[in-house]
Each structure stands twice: as C-alpha cells, then as structure tokens.
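Visitor: I would like to learn how to read the contacts in this model. Where do we begin?

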2 protein chains.
Amino acid sequence: MLDISVAAFNDRGYDATSMGVLAERLGTTKSAIYYHVAGKEDLLRLALDKALDGLESVLEEPGARNGSPADRLRFVLRGAVLVLVRELPYVTLLLRLRGNTELERSALERRRRFDHEIATLVDLARADGSVRTDIDSRTITRLLFGMINSIVEWYKPDGSLTPDQLADDVIAIAFGGLQQPAER
Amino acid sequence: MLDISVAAFNDRGYDATSMGVLAERLGTTKSAIYYHVAGKEDLLRLALDKALDGLESVLEEPGARNGSPADRLRFVLRGAVLVLVRELPYVTLLLRLRGNTELERSALERRRRFDHEIATLVDLARADGSVRTDIDSRTITRLLFGMINSIVEWYKPDGSLTPDQLADDVIAIAFGGLQQPAER
DNA sequence: GTCTATACAAGGATAGAC
DNA sequence: GTCTATCCTTGTATAGAC
C-alpha cells in the first residue's frame, strides 16, 4: 500500500495526488485508506523516514569513517547512489519536497544534515590535495549532489544499467569528468 | 505580476499554490487576478514559454552550430547555464513539472527536444575523441544535465558567484571532474 | 480595475452499516 | 476491513456593485 501510494505521489506530485485517485490506484475507497493510516500526511511520513534512514545509514558504515578523505568520499558517494537506487521511489519523494508543512520541513532539515556531512568530506579531500582547489568548495559539493540526485529523475531499475555500474560511472565522472581517462 | 506568481509557485509548488495565497502575495484579491489572466494555468503557460524560449534560443546561436563538437558542446552548456540563471524562476518552474495536464506535457515535450539536441552533441564529441567512451553516452548526458539543472535548486543571483564564473565552474567540472587540473 | 459575495466542484476526513 | 453517505474546508471561478 505504501509502495503504490508513493508511486502515485511521484507520478503526479504529492499535493496534486488526492485521496480519491489514491483510492482508485489502490483499487479501494477513500474510507478504507483511513482505516490503515491516519491520513495522507501519514503516508508521506512513512516514505520519508525510509529514504532518510537509508541515506543516513551510509554515513554509519566503517568505510565512511576510516581511510583517506578521498576514499571516504568515494565510499559515501557510492553508498548514496546505491541507497538512492534501492529506495528509489522514497528518495524521489524526498528530493521533491518543497517544505510546505512542518513534516516536510523537518525531513528537509535531516536531509540538509546529510548533505553537510558530505560537504565536510569534500573539504577534507581538498585539504589533502585529492580534490581541486580552483573552484569554490560549496559549488563543487552542490554540483556533485545535483549530478547524483538527478538519478531519481531518469534511472530505471529494470534497465540494463546495474546499480553497481551506475555507481562506478558516477564516481568516474565525478572525479574525472567527461574527458577520456588517462591510460594507466 | 507574473514574477510574483512564479515565485509563489516555486516556493510552494504549482499545485499547492492556491489563487488565495497568490492574491495575498500580490496584495490583491482573487477576483482581481481573473481580470488580468484567464486563470491559474494561464500564468503557468506564460512562465513556461519564457523558460523554453530562452533555452531554445541558445541552440540557434552561431556558436552552437559551428566549430568542433567539443567547442559546440562547451558553448551550449555555457549558454544553458546563463539562460538558466537569467530566467531562474521560469526555468525552475519548468524543471519541476510533473506532466499532470496537457499544458505541462507539451512543455515537457519541448524540453525533451532541447535535451535531445545536446545529447546529439555529446555523441559527436565522443566520436571525435573529446569525450570519454568508457561510459554509456546517455548516462553521461543525463548526469551532465543533472548537474546543470540542479543549479536552480541552490543558485542565488545576489550572491558573490557571478553567472559567468558559475558557467566556467560548470564547464571545468563537467570536463575535468573533481581532480586537480593538470598544469599547463 | 478592484472589491464583496457567492456559486460550484473537489479534497480530506468521519459516521455508521455491513 | 471495507463500503456508502456525508460533513466541512478549500479551491477555482464568476456576478455584480463601485
């Protein structure tokens, strides 16, 4: 039920999805939904928690805490991509929030904290020379996130591009850019 | 009036923005708005046209049509960033569409055509060796767009980062990645 | 051109039968 | 657990005075 609801939210936008069409897609009635959840916002809360729990768990793993800054950054970027793909609909919903309600604002706040931890890693990697210093650190972080977050807008889990391959590609482009990589 | 309306749409989302709050932010009443425009969707149409006209104009310029594929790609990316910043609120609105109505779907179709022209440029640049061939061409294009489009989510026109500097940064990161650029 | 008042539909949510 | 019927609010839009 949560899955179908979130799919509907992502198709039409949370606000534009009425309990009526939700009931329709669930093959039931509005009232039946209210037996299971307190209301529309309850469904949103469940979905956002899944997304945020997944993302935050990446930062808890040993690979995110030990090693060189560049390696930690690579680990976290890979982890973020994998979670994003694994929890695709939930993260999609999270990334499209506008902060209209208290619930939405607190979810955005949690997301900001996650972003901030990665920004810190970028700074560390700059300090030890593994990330370029000719461009402002926040600009780098934001463009990096833009690239990764955009995945929810086009990645199809049933296509031929596997999550691992996608993560490899993201890291290769993030660190090396569009140019042909040097032989080694 | 269009500016204020679009700002409201971007703050709260188009669907979540009622004519009531719109009137409030305009310092007038709902009825007064209807004197000037046919309805809420009319405001959306005006805004989307501005965004799409701006983006499409980039492809018409001589720099987008002449020169090496890599130079054309650089020109178009720079142009897209500059339009995106110049028409920031309008492009923001465009990039957040879900395609709920016929109007939204036709705008998305115009946007897809724009994206497709740039994808073609990436392919040309790959063919002549200026873009890496170890990663799928569509993946590259999508990550590239993700990075650029994300700008609407964080760029503040009144900050210290100028549009030209931003465009330089985007192109530097897009082609060279996070690594420190080689001396030259 | 802008206001007040209001029509009319749609949306979220509940009551109560089954 | 799910249905029908219904309440109340909000939303888009219009009528008509000023």
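Visitor: How many salt bridges does the rule find across the interface of chain B and chain A?

Guide: Keep in mind that this is a predicted model. The rule asks for a side-chain nitrogen of Lys or Arg within 4 Å of a carboxyl oxygen of Asp or Glu. Across the interface of chain B and chain A, two salt bridges are found. One of them joins Arg98(A) to Glu153(B), with the closest N and O atoms 4.0 Å apart. Polar contacts link 18 residue pairs between chain B and chain A. On the side of chain B that touches chain A, α10(B) supplies the largest share, eight residues. That side divides into 19 nonpolar, 12 polar and 10 charged residues.

Visitor: How much area do chain B and chain A bury between them?

Guide: Interface size is often given as the accessible area lost when the parts come together. Here chain B and chain A bury about 3700 Å², 59% of it on carbon and sulfur atoms. In chain B, Arg132(B), Leu143(B) and Leu178(B) lose the most area to chain A. Together they make up 23% of what that side buries. The contact takes 41 residues from chain B and 40 residues from chain A.

Visitor: Which residues are closest to DNA strand C?

Guide: Of the 14 residues that surround DNA strand C, the closest are Met19(A), Tyr34(A), Thr28(B), Ser31(B) and His36(B). Look next at the polar side-chain atoms. One of His36(B) lies 2.6 Å from a phosphate oxygen.

Technical notes
Residues are numbered from 1 along each chain as its sequence is written. Chains are lettered from A and ligands numbered from 1 in the order in which they are written. This is a predicted model: local features need pLDDT of at least 70, side-chain atom pairs count only at pLDDT 80 or more; totals for chains, interfaces and linings use all residues. Side-chain values use heavy atoms; hydrogens and water are left out. Contact means heavy atoms within 4.5 Å. Buried area is the accessible area (1.4 Å probe) that two parts lose on being put together, summed over both. A polar contact is a pair of N or O atoms within 3.5 Å; within protein, one must be able to donate a hydrogen and the other to accept it, and residues adjacent in sequence count only if both atoms are side-chain atoms. Helices (H or I, at least four residues) and strands (E, at least two) are DSSP runs, numbered from the N terminus. Ala, Val, Leu, Ile, Met, Phe, Trp, Tyr, Cys and Pro count as nonpolar, Asp, Glu, Lys and Arg as charged, and the others, Gly among them, as polar. A residue is near a molecule or strand if one of its heavy atoms lies within 4 Å of it.
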